[in-house]
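Here are some notes to read beside the structure. Each numbered point takes up one part of the chain.

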Amino acid sequence: MSTLLSGPASPAVRKPAFELAFGSGSADDWARALAEVSVEAGLAPAVDAASVVLAARSDAPTATLADTGHVSLGFEDDATVGVFKGAVRAVNRTVSGKTRVVASNGGAVLASFRLDQAYEQQSAGDVVRDLAGRAAVDSGSIDDGPSLPYYVVDSRRSAWEHVARLAALAGFEAWIDADNALHFRPFQAGSPAQTFTFGLDILELDALEAPPNAGAVTVVGDGAAGSNGSDAWSWNLKDASPLKGTAGTGDPALLLQFGALRSADAASAAAQAIVDKAKLGGLTARLLVPGAPKAGVGTTIAVASAPDDTLNGAWLVRGVRHKVVKARGYTTLLLLAKGDT
């Protein structure tokens with residue numbers, strides 16, 4: 001059997017495929033009028049967005065604020081993959097006839113949601129679940145993280161900023177996936193969503209190796225729970241030393257205070273989480289490839305056959321930008337991290 005019929009075409013000759021629609025227009029209506037589409041996604045507190053440019057056509061579909069929709073991308077020799085779900089947040093119309101439709105997902109909902117609420121004897125994950133529920137954002141995988149005797153969500157920060165702050169405290173990451181669901185957990189290396197091979201489907205790849213941005217970390221909590229039991233979280237503390245937690249070695253040495261941590265165990269766990277998260281940023285990279293819709297934030301990809309072996313192996317995806325221009329094709333830019341976790 002001819003190998004030309006046995007699998008996907010080579011990257012050089014594959015033709016992009018896409019399926020998208022917002023509001024009442026059909027996917028065919030949007031496909032006819034589409035000039036370009038881009039989707040950008042990252043970790044909290046960044047807000048994901050999809051930007052769709054429609055050509056000046058009399059039969060171009062219309063979109064109104066709050067219309068919901070989706071974007072799926074891929075190639076004609078394979079099935080398209082969903083990369084975004086959300087709702088229209090802005091519509092830009094021009095005298096030339098072109099229209100730009102900008103949509104965002106649950107990250108924007110949480111970024112615009114503010115609340116004054118106190119939580120007692122809850123985990124970080126419990127707080128995140130409650131915020132997502134109040135904002136009507138779907139939850140994906142949400143781990144518990146540290147126990148917080150007392151935590152205050154105040155309206156000086158958005159709910160999305162609180163989620164990012166809780167993620168930093170727990171050593172987690174938070175993001176919205178392609179199905180518009182919130183995830184709150186540590187990055188975990190899994191089976192690669194796709195492997196990219198030097199000389200075949202890598203357009204650009206550059207990596208930066210640098211010392212971790214945290215060496216020896218000391219975290220100081222608040223309250224007297226560390227030395228007087230968890231029920232003493234509200235007591236005034238005269239000596240902070242029982243509520244200090246340390247982890248890591250070397251420079252830069254960091255001294256951080258988290259008022260939400262009301263026990264020595266919680267402070268120690270937070271210090272270790274910060275050290276572990278800093279190690280993940282020891283080697284970062286920017287990878288440009290032909291369209292890779294399966295590579296979303298929180299997934300793992302692999303690089304093979306690069307001349308510098310440091311570039312090979314598994315990488316965690318921290319950010320992604322998909323871009324399809326009808327006249328030029330489909331590319332994906334991935335922001336990656338690899339470190340000693």
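1. Helix 6 (residues 264-280) contributes four residues to the lining of the second largest pocket, the most of any element. Helices (H or I, at least four residues) and strands (E, at least two) are DSSP runs, numbered from the N terminus. On a 1 Å grid over the protein atoms alone, a pocket is an open set of points where a 1.4 Å probe fits, with protein on both sides within 12 Å along at least five of seven lines; lining residues have an atom within 4 Å of a point.

2. The model is predicted: local features need pLDDT of at least 70, side-chain atom pairs count only at pLDDT 80 or more, and totals for chains, interfaces and linings use all residues. Residues are numbered from 1 along each chain as its sequence is written, and side-chain values use heavy atoms, with hydrogens and water left out.

3. How much space lies in the second largest pocket? The volume is about 260 Å³, taken as the space filled by probe spheres set on the grid points, which are joined across faces, edges and corners. Of the 15 residues in the lining, Asn213, Ala214, Ile274, Lys277 and Ala278 are the closest to the centre. By class the lining has nine nonpolar, three polar and three charged residues. Here Ala, Val, Leu, Ile, Met, Phe, Trp, Tyr, Cys and Pro count as nonpolar, Asp, Glu, Lys and Arg as charged, and the others, Gly among them, as polar.

4. An open sheet of three strands has the order 15-14-16, and its pairing is mixed. Two strands pair if DSSP finds at least two bridges between them. Strand 15 (244-247) and strand 16 (254-257) are at the edges with a single partner strand each, so one side of each has no neighbour in the sheet. On average, neighbouring strands of this sheet are turned by 20 degrees against each other, direction ignored. Helix 6 packs on this sheet and touches strand 14, strand 15 and strand 16; its direction makes about 30 degrees with that of strand 15. Contact means heavy atoms within 4.5 Å. Axes are lines fitted to C-alpha atoms, for helices over the stretch in contact, and angles run from 0 to 180 degrees between N-to-C directions.

5. Strand 14 (residues 217-220) and strand 16 are joined by four bridges in the parallel sense. Within this pair, Val217 stands opposite Leu254 of strand 16. Strands of a sheet pair through backbone hydrogen bonds, either parallel or antiparallel.

6. A second open sheet has three strands in the order 8-11-10, also with mixed pairing. Its edge strands, strand 8 (138-142) and strand 10 (173-176), each pair on one side only. The twist from one strand to the next averages 15 degrees. Strand 8 and strand 11 run parallel and are joined by three bridges, and Ile142 has Phe184 as its bridge partner. Strand 10 and strand 11 (residues 181-185) are antiparallel, with four bridges; here Glu173 is partnered by Arg185. These two strands form a hairpin with four residues between them, and Asn180 in the turn has a positive phi of about 70 degrees.

7. Is strand 11 mostly covered or uncovered? Strand 11 is mostly covered, with five of its five residues buried. Buried means under 20% relative accessible area, exposed over 50%, and partly exposed in between (1.4 Å probe, protein chains only). Ala181, His183 and Arg185 point one way, and Leu182 and Phe184 the other way. In a regular strand the side chains alternate between the two faces of the sheet. Helix 3 (residues 124-134) lies across strand 8 and strand 11, at about 170 degrees to strand 11.

8. His162 is part of helix 4 (residues 159-170) and is buried, with a relative accessible area of 0%. Apart from neighbours within four places in sequence, His162 is in contact with Leu131, Tyr151, Val152, Val153, Asp154 and Arg157.

9. Some backbone details in loops deserve a check. Ala66, in the loop between strand 3 and strand 4 (68-75), has a positive phi of about 80 degrees although it is not a glycine. Ala66 is exposed, at 56% relative accessible area. Ala136 sits in the loop between helix 3 and strand 8, and its phi is also positive, near 60 degrees; Ala136 is exposed at 69%. A cis peptide bond joins Ala44 and Pro45, with omega about 10 degrees.
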